[in-house]
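Thanks for coming. I will take a few minutes on side-chain packing, so please have the sequence and the model up.

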Amino acid sequence: MSHCNVPALIEPQVEMGSVDEAENKTLFKLEEDAKQTKEASLMEQGSLSPIFPQHITKSPKNSVLKSIKIVILSNKLNLLLPFGPLAILVHYMIDSKGWVFLLSLIGITPLAERLGYATEQLAFYTGPTVGGLLNATFGNVTELIISIFALKNGMIRVVQLTLLGSILSNMLLVLGCAFFCGGLVFHQKDQVFDKGLAVVNSGLLLMAVMGILFPAVLHYTHSEVHAGSSELALSRFSSCIMLIAYAAYLFFQLKSQSSSYSPLEQETNQNEEASDEDEDPEISKWESIIWLSILTAWVSLLSGYLVDAIEGASVSWNIPIAFISVILLPIVGNAAEHAGAIMFAMKDKLDLSLGVAIGSSIQISMFAVPFCVVIGWMMGEQMDLNFQLFETAMLFITVIVVAFFLQEGTSNYFKGLMLILCYLIVAASFFVHEDPQQDGAL
C-alpha cells in the first residue's frame, strides 16, 4: 500500500513546486522588464550616466537669498572669502607684494572649491559627454586662469612651473592623502580599485611625459636643425597631437568604454539610494550657470593681482619663484580635488578618488599644458614644452613611481604615506632649486 501511495503523494508536490517556480520566473521577468524600461527612459532624458546618479533630476526652485545661502553660507571654507577683497585693498593702499600675494592666495582657495561644487551641480542636468567636458573645463579652471594671466605678462616659466606643480600635487599629495586616509578608515583590509583603468591612465601620463621630454632632450643635446626654432616648432606640433589624444581619450572614456563604469555605477547607487538629498541637486541649472560665471570672473580678478605679486613676494619672503609656482599655487588650485579624493577614499570608493586625482593630472598634462602652448602661440609668446632638465626629470620619475604604486590595483595607508613623503622630497628639492631661466623668462 505504501508503494502505491508514494507516487500519488509526490506528484501534487512536484506540480505545486513547478507552479511556484513558474510564478517566481514570471515575477522576476516583470521586474527585469520594468527595470529595463526605466533605464531606457532615463537614457532618453540623458540622466543615465556612468558618473552621475540614475534618477530623474528634480530641479529645485530657490529664491536668490536661498541660493546665496546654499552656495556661499553653507560651507565653512567660505569664511576665507573676505581675504579676496582685502587683497585688492592692500594692493591699492599699502602696495606690499608679499601681503597681496598671501591674501590673494587665501582668497582664491574657497573660490576653487565652490567652482568644483557649481560644476558638480550643473553636471546633474547633463548627460555623460557634457558632464565629462564640464569637469575637464572647470575642474582645473583656477590653474588655467592663473596660467593665462601669467602668459599675458610674459611669465612663461611661471606658467610651466604652475602646471607642472599641479600635476605633481595631484599625483603625489592628493592621491597620497586619499590612500592614507582611506587606509586608516579601512585598516583591516586593502582597498581595491580598477587596475585596467589605472594602467590606461598611467599610459596617458607617460605619453604626456614623452611630449614634454623630447623638446628638452632636443635642447640639451644641441641637435636642432634650426637653432632656437626647431624646439618651439616641435613643442607646438606635439601640443596639437596631445590635444587630439586627449579628445580621443574623452571619447573613449565616455562612449566606447561606458560599460567599464557599470560596477562603479552600481556600487555608487547602492551606497546612496537611501539618501535622496545626496542624489538631487541643491540648485537649479541656471543657478549653476550663473554661479559658475560669477565665480570664474572673481577668480580671474584675483588671479591678476596674484600673478602681479609673485615676483615681489619671492623677493620679500626670500623664497624661490620655482617653489611658489610649483608648491604654493597648485595647493590652492587643487583644493576641491584634494577634499573630494579624500572623501571618496574614506567611503571606500577608490575608483572615484583615482578619477579625481589621476584624472586631474591627465587633464592638466594632456589638455592644460598643450592648450597654454597654443594660446601662447596665438598671443605671440614663445611658450614651449621645454620645462628644463630638472623639472622634466622630476615629472618623469614621479609618473614612474605612481605607475608602480597603481599596478597592483590595491591601496593602503602605507602606500599613501609613501606618496606623501615623496611629495615632501619634491617640495624640498624645489625650495633649494634655483631656476637658471628665471631672469630671462620673467
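Is F371 buried, partly exposed or exposed? Keep in mind that this is a predicted model. F371 has a relative accessible area of 26%, so the residue is partly exposed. F367 is partly exposed as well, with a relative accessible area of 21%. Both sit in helix α15, residues 350-379, four residues apart, and are therefore separated by about one helical turn. Ring pairs link F367 and F371 with Y246 and Y249 into a cluster.

On to the aromatic pairs. The structure holds eight of them. One is F179 with F193, a stacked pair with 6.1 Å centre to centre and 15° between the planes. This pair links distant parts of the chain: F179 is in helix α7, residues 156-185, and F193 is in the loop between β1 and α8, 14 residues apart. F179 counts as buried because its relative accessibility is 0%. F193, at 5%, counts as buried too. Back to F367 and F371: their ring centres are 5.5 Å apart and their planes are at 20°, so that pair is also stacked.

Last, a helix pair. The axes of α13, residues 321-333, and α17, residues 413-431, come within 7 Å and cross at roughly 140°. The two helices are therefore oblique to each other. The crossing of α13 past α17 is left-handed. On the α13 side the contact involves A322, F323, V326, I327 and I331, and on the α17 side Y423, A427, F430 and F431. By class, that contact has nine nonpolar residues, no polar and no charged ones.

Definitions and conventions:
Residues numbered from 1 in each chain as written. Predicted model: local features only at pLDDT ≥ 70, side-chain atom pairs only at ≥ 80, totals over all residues. Heavy atoms only, no water. Axes fitted to C-alpha atoms, helices over the stretch in contact; angles between N-to-C directions. Parallel < 35°, antiparallel > 145°, perpendicular 65-115°, else oblique. Left-handed = near helix turned anticlockwise from the far one by under 90°. Contact = heavy atoms within 4.5 Å. Nonpolar A, V, L, I, M, F, W, Y, C, P; charged D, E, K, R; others polar. Phe/Tyr/Trp six-rings, centres within 6.5 Å; stacked < 30°, edge-to-face > 60°. Buried < 20%, exposed > 50% of the residue type's maximum accessible area, 1.4 Å probe, protein only.
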